[in-house]
Amino acid sequence: MTHPYVNELRARFGLDVALGDGEVPDEPWLHKMLTRRTQRRYADRAVPESLVRLLLAAAFSASSKSDFQQASVIWLRDRARRDRLAALFPDMPWIGAAPVFLVFLGDSRRLERIGALRGHAQDNGALEGFFNAAVDAALAMQSCVLAAETLGLGSCPISVLRNRIGEVAELLRLPDKVFPVAGLCLGYPAQAGFVSMRLPMDATVHVDAYDDSGLAAAVDGYDRRRDSRHSIADRQRAPERFGTAQFYGWSEDKARQAKTAEGGGFATWLKAHGFTSDEPGDEPGDEPG
Ligand SMILES: Cc1cc2nc3c(=O)[nH]c(=O)nc-3n(C[C@H](O)[C@H](O)[C@H](O)COP(=O)(O)O)c2cc1C
């Protein structure tokens with residue numbers, strides 16, 4: 001176990017993680033990255049505009065599928081508009097309270113417009129176009145998150161925006177084929193926060209071929225480790241529906257959470273705004289990409 005990240009990996013996985021033979025470089029940034037955390041409470045300290053622009057530049061430095069560059073961001077600066085957005089999600093007051101609020105968008109529209117500008121009109125609303133834009137936006141957001149944390153800021157992605165997609169899209173004046181992947185709260189953290197423990201890599205890393213035969217045991221162990229660090233036994237979700245579990249761990253909590261559908265209306269909204277779940281259509285005579 002003689003590697004420089006023993007403490008960070010213990011914090012992240014609740015385990016002593018062996019990296020195997022061979023030395024690994026001791027990189028200060030990686031120590032920070034391995035213990036990164038979401039922050040939902042922010043200090044009363046302004047984030048200068050120049051810093052936000054720097055973080056946006058980092059966001060748009062993310063890799064991009066086919067170099068199509070299908071992410072966009074709305075920097076929500078107008079107080080009244082932000083308040084109207086925040087009022088839609090009273091359970092998450094950090095949406096209104098964060099010093100900075102960005103919305104990361106999958107932008108399948110821009111590539112279509114560029115096609116039209118160059119005289120090669122195409123429809124980018126098939127599943128492939130949607131998916132590529134969603135991935136680009138997610139990569140841009142996480143690049144922004146990591147850049148922010150590197151500079152001592154905290155952040156919280158906000159995908160709950162999609163739960164009220166109609167109102168959010170109207171507020172942000174989203175045209176067809178542009179959709180929110182998530183908002184992002186940014187600010188200097190008001191507290192240290194904590195490292196959220198992850199599933200063991202036995203459950204998430206497969207060598208050569210997919211094999212989840214050890215899942216049940218891996219999850220049981222994870223539940224116990226997580227519970228011994230931070231019990232959620234007194235916060236059982238919907239006991240009137242699911243009963244009261246004798247042992248209430250992460251997996252019971254997530255299974256209950258996932259049983260209540262989220263994002264209702266998003267698929268319908270996407271269909272009404274230019275997307276299909278079809279295979280992409282090839283224009284006859286076009287070169288494959
Ligand atoms: C795509 C995405 C959407 C999220 N949406 C929300 C959200 O709507 N509200 C919220 O409070 N946290 C949200 N989060 C934060 C997660 O709850 C958080 O990342 C998770 O609990 C793990 O914690 P950690 O980031 O500190 O490791 C989101 C995270 C991601 C990646």
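Contact here means heavy atoms within 4.5 Å. The model shown is predicted.

**View 1**
The largest nonpolar core has 55 residues. Ile 158 is among those with the most contacts inside it, together with Leu 85, Phe 101, Leu 102 and Phe 179. Helix α7, residues 127–150, gives the largest share of this core, 10 residues.

**View 1. A nonpolar patch on the surface.**
Phe 131, Val 135 and Leu 139 form this patch. Together they have about 250 Å² of accessible area. Val 135 lies in helix α7. Its relative accessible area is 32%, so Val 135 counts as partly exposed.

Helix α6 covers residues 109–117. Which of its residues are buried on one side? Leu 111, Glu 112 and Gly 115 are buried. These three lie on the same side of α6 because they cover an arc of only 100° around the axis. An α-helix has 3.6 residues a turn, so residues three or four places apart point the same way. On the other side of α6, Arg 113, Ala 116 and Leu 117 are exposed. Gly 119 follows α6 and has a positive phi, near 80°.

**View 2. The salt bridge between Glu 49 and Arg 77.**
The side chains of Glu 49 and Arg 77 meet in a salt bridge, with N to O at 2.6 Å. Glu 49 lies in helix α3, residues 49–59. Arg 77 lies in the loop between β1 (71–75) and α4 (79–87). The two residues are 28 apart in sequence, so the pair ties together separate parts of the chain. Glu 49 is partly exposed, at 39% relative accessibility. Arg 77 is partly exposed too, with a relative accessible area of 47%.

Asp 83 forms a salt bridge with Arg 79. Their closest N and O atoms are 2.8 Å apart. Both residues lie in helix α4, 4 residues apart, about one turn of the helix. Arg 79 is partly exposed, at 42% relative accessibility.

**View 3. The salt bridge between Arg 237 and Asp 253.**
The side chains of Arg 237 and Asp 253 meet in a salt bridge, 3.1 Å from N to O. This pair links distant parts of the chain, 16 residues apart. Arg 237 sits in the loop between α10 (215–229) and α11 (239–242). Asp 253 sits in helix α12, residues 250–259. Arg 237 is partly exposed, at 31% relative accessibility. Asp 253 is buried, at 10% relative accessibility. Elsewhere, salt bridges that share partners join Glu 49, Arg 53 and Arg 77 into one network. The count of salt bridges comes to 11.

Ser 66 lies in the loop between α3 and β1. Its phi is positive, about 60°, although Ser 66 is not a glycine. Ser 66 is partly exposed, at 43% relative accessibility. Gln 69 also lies in the loop between α3 and β1. Phi of Gln 69 is near 55°, again a positive value in a residue other than glycine. Gln 69 is partly exposed, at 48% relative accessibility.

**View 4. The whole chain, for orientation.**
The protein chain has 13 helices and 4 strands. Its C-alpha atoms fill a box of roughly 60 × 50 × 45 Å, taken along the principal axes. Of the 289 residues, 38% are buried. Among contacts with a separation of 6 or more, 75% join residues 24 or more positions apart. The chain exposes about 17000 Å². Carbon and sulfur atoms supply 53% of that area.

Key:
Residues are numbered from 1 along each chain as its sequence is written. This is a predicted model: local features need pLDDT of at least 70, side-chain atom pairs count only at pLDDT 80 or more; totals for chains, interfaces and linings use all residues. Side-chain values use heavy atoms; hydrogens and water are left out. A nonpolar core is a set of buried Ala, Val, Leu, Ile, Met, Phe, Trp, Tyr and Cys residues joined through side-chain atoms within 4.5 Å. Buried means under 20% relative accessible area, exposed over 50%, partly exposed in between (1.4 Å probe, protein chains only). Patches are made of residues with over 30% relative accessible area and no salt bridge: like charges are joined within 9 Å, nonpolar side chains (Val, Leu, Ile, Met, Phe, Trp, Tyr) within 5 Å. Accessible areas come from the Shrake-Rupley method with a 1.4 Å probe; for residues, only the protein chains shown count as cover. A salt bridge is a side-chain nitrogen of Lys or Arg within 4 Å of a carboxyl oxygen of Asp or Glu. The arc is that of the directions from the helix axis to the C-beta atoms.
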